[in-house]
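Please consult the sequence and structure shown here.

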Amino acid sequence: MNRRRFLTMICGGTGWAALSSRRLWAATDGLDPEVLKSSLRTATPEENGFIEYVVGLARAGRISPKTVQAAYLFAKTKPKHRFQYFKFAVIRLAAQEGVRLEGDR
């Protein structure tokens, strides 16, 4: 087996594995409140309640799950105050969808 063919098989297999795992993750709702709480570093019961409230709205179909995921990915890149960035982003994105959240003032 020559080197080029071997590398093509290895890289191609890795690429397909990554694509299929993304599809598998997309097939589930990906909205686990416990994962969101731990990665956003929530500190108070009010913050935990807001995350559960938002996930409940997304599962009920009142807001798009993509809204929650987009806000989460945005907040996850921040070094400090991740929950505050998440809350701000969810409120803004939900407002664009026409939904007013209870944390909105």
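The questions and answers below set computed values against their definitions.

This is a predicted model, in which local features need pLDDT of at least 70 and side-chain atom pairs count only at pLDDT 80 or more, whereas totals for chains, interfaces and linings use all residues. Residues are numbered from 1 along each chain as its sequence is written, and side-chain values use heavy atoms, with hydrogens and water left out.

Q: What makes the pattern of the protein chain α-α-α-α-α?
A: Helices are DSSP runs of H or I with at least four residues, and strands are runs of E with at least two, numbered from the N terminus. The protein chain has 5 helices and 0 strands, and therefore its pattern along the sequence is α-α-α-α-α.

Q: Why is the pair formed by the side chains of Thr 42 and Asn 48 called a polar contact?
A: A polar contact is a pair of N or O atoms within 3.5 Å; within protein, one must be able to donate a hydrogen and the other to accept it, and residues adjacent in sequence count only if both atoms are side-chain atoms. The two side chains are paired at 2.6 Å, so the distance falls within 3.5 Å. Thr 42 itself lies in the loop between helix 2 (33-40) and helix 3 (45-60).

Q: Which residues does Ile 63 contact, leaving aside neighbours within four places in sequence?
A: Contact means heavy atoms within 4.5 Å. Among the partners of Ile 63 are Val 54, Leu 57, Val 68 and Val 99.
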